[in-house]
Structures are given as structure tokens and as C-alpha cells.
Amino acid sequence: ALTLSACSCTNTDAQAPQSFDGATDTITKGNLVGETTVQGNLHYADSYTLKSAFEGVVTSLPTPGTTLTQGSHVYTVGGNNTYLLHGSIPAWRTFEAGMGNGEDVTQLETALSELGYFEATPDARFDWNTTVAIQRWQKALNLPQTGSLPLGTVLFAPEDLRIGALKARVGDNATMETDLFTASSSRQVISANLKLSDQALGVVGNSVTVRLPGSATTTTGTITSVEPPREKASEEGAEETSKERIIPITVTPDDTSALEGLQEASVSLGLTSETRTDVLSVPLSALVALSADQFGVEIVDEAGKIRRVPVTVGLFAGDRVEVSGDEIAEGQRVVVPNR
């Protein structure tokens, strides 16, 4: 007969609860900010095409991609030079002795003062001080010291001028309607379109998160312009015209150094849609479905045991979500997927 010996083995170890050693995160308490994301286009502001102010052969043009500052030579046509000065009023007449008073004279004197040539207080009168300042400037430019500036000699622009693509070449014969080159402000802005349902987010002065392409880099911007609602243009090749109404906005980046190396680019804008203060939140990945209509989280206690508890879900903000419930508290550990 076969005799079985008594076994001293026990299954106690196998039945003992095991301490959880997977990935966890913490239930935190604080402010949660929800965002609405829209796509935007980074570009230089106020782009336009500059026409020649003179007739004749083009002998000098600016270099594309460069930025012209106040006092810079812009172009030469028919032996006539044009120079950049800061001002918002376009030049519309010759600056010379005997001309009528006007804000354009004040603007000219202000610009010449900033360049160091006008020594009096700028006003609307073209007088002896103005003539002397022009002569000083002309001497510095190695030009005939006439004390007058024929129409076309000065190009007024509110800011420094960034040169875009050339429309003409040196040697071309230009008229006063010839396109010479494209130009813009040296200031970069972001244009974007909001859905009509998101119009409450488009408020001048509101801060915006700007996510730059090709990296995880973010910076901030400020909404500086909100246009009235309009019809969105249909996409090229579309069979039917889009009837969607949008609200164009302009965002000005707060830190221009963050845009270094970028001239034009598609960027992502995060507009604050809702803020919840002093709420509990967990990583989005911590949520589990307890049923078809009930979410929960898996709480890990100090002994490493896991229990599932139901939660009510609130605001979704990035990779976190607001939660509330009778069985959760700040500082508790919740199970998250292993990274």
C-alpha cells in the first residue's frame, strides 16, 4: 500500500493580500483652469505692398528679411531717395518754407527731433527751426542742403519696417503705380478665429497660452483685437460655401524672444474658458468606469490595499479632472497607468 506522508506546506502566503507597488499619483486640492484650444497663425502685423513715389529707373531696393529703422534709406527711383521716418500720417505734400500748418509738420519735426536734428519744441508750423533741422539731416546724408523735402522723400510708418518679397528689380523702369516690395511691421502677432459659441472668450486684454510648433515650449500672449462676427470663407475647392460664422481675434505675444527663429508658423492658443477654485483633482488617467454612467478612482491605502470608490466628475483641464465624493480626500494615492 502506498502511504502518503503528511505535508508541512501551507497556502497562507498565497492567500495573503499583496501590497500594491504599481504607479500612483496624488489627489490634490487647488485651482483648476479649463481651456478652449484654437489654431492660430503667427505672422508679421500690418502687411502691405509699397508702390514707388517716383518715376524712373529703379537703382536701389532694400534687402528682403531686413528691418529698417527710423532714418533708414528705403529705395531709390529715378535718382530720388526715400527715407523712413516714424509717424501715422502719410506724407501727402512737399515739406518746404511757406507751407500751411498741419499735424504732418508736427510729425516731421518730432521724427527729426528723435534723430537729433530738430532742437526746438515740435509744433504745427514749418519755420526756420524746421528748415535748419532738414538741412542738418541732409548734410548727414550727403545730400544737397535745400531745407525742403519733396513729396516722396519721406515714407512715414508707425513702426520700424520689415521688408518682405521684392516686386521689382534694380534696373526696372518704374511709374508712380509700380509695386516695389511688400512690407510689414516688425511686430509679430497671431491671428485666429473663434467659433460664435466661444465669443465670450474673445475679450481684449485677456491672457492666452501660446503653444509653439515642433516642441513643448509655451509662452503667453494678450488678446489685442476682436473683430465683429463674419462668415468664414469656404475652403478652396469646397463644393458648398461654408455658412459658419466666426469671430477673428488678434493675439500679441508677451515675450518676443520666445519667438526667435519663427517668422510664420501655425500655433495653438489656449483660452481660459472656466476656472474652478479650491477643488480636488486627479490625473485624467486615474479615472475608471465603474458602470455605464458612473466614474470612480482606485484608492491605495497605507497598507497598499486598493479599493474602488465612486466620484463625481467636474471640470476637465488639460491632463487633470475635477473630482468630488464622500470617500476621497486631498493627499490620497490613486492608481494610474505605468509610464
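Author: A residue counts as buried under 20% relative accessible area, as exposed over 50%, and as partly exposed in between, with a 1.4 Å probe and protein chains only. The model here is predicted: local features need pLDDT of at least 70, side-chain atom pairs count only at pLDDT 80 or more, and totals for chains, interfaces and linings use all residues. Residues are numbered from 1 along each chain as its sequence is written, and side-chain values use heavy atoms, with hydrogens and water left out.

Reader: What share of the 339 residues is buried?

Author: In the protein chain, 38% of the 339 residues count as buried.

Reader: And how many helices and strands?

Author: Three helices and 22 strands. Helices (H or I, at least four residues) and strands (E, at least two) are DSSP runs, numbered from the N terminus.

Reader: Why is the chain called more spread out than a compact globule?

Author: Because its radius of gyration is 34 Å, well over the 20 Å that the globule rule gives for 339 residues. The radius is taken over C-alpha atoms, and the rule is 2.2 Å times the number of residues to the power 0.38.

Reader: What does the C-alpha trace span?

Author: About 130 × 45 × 45 Å along the principal axes of the protein chain.

Reader: Different topic. Where is Asp21?

Author: Asp21 lies in the loop between α1 (12-15) and β1 (24-26).

Reader: Buried or exposed?

Author: Asp21 is exposed, at a relative accessible area of 74%.

Reader: How far is Asp21 from Lys305, C-alpha to C-alpha?

Author: Those atoms are separated by 9.9 Å, although Asp21 and Lys305 are 284 residues apart along the chain.
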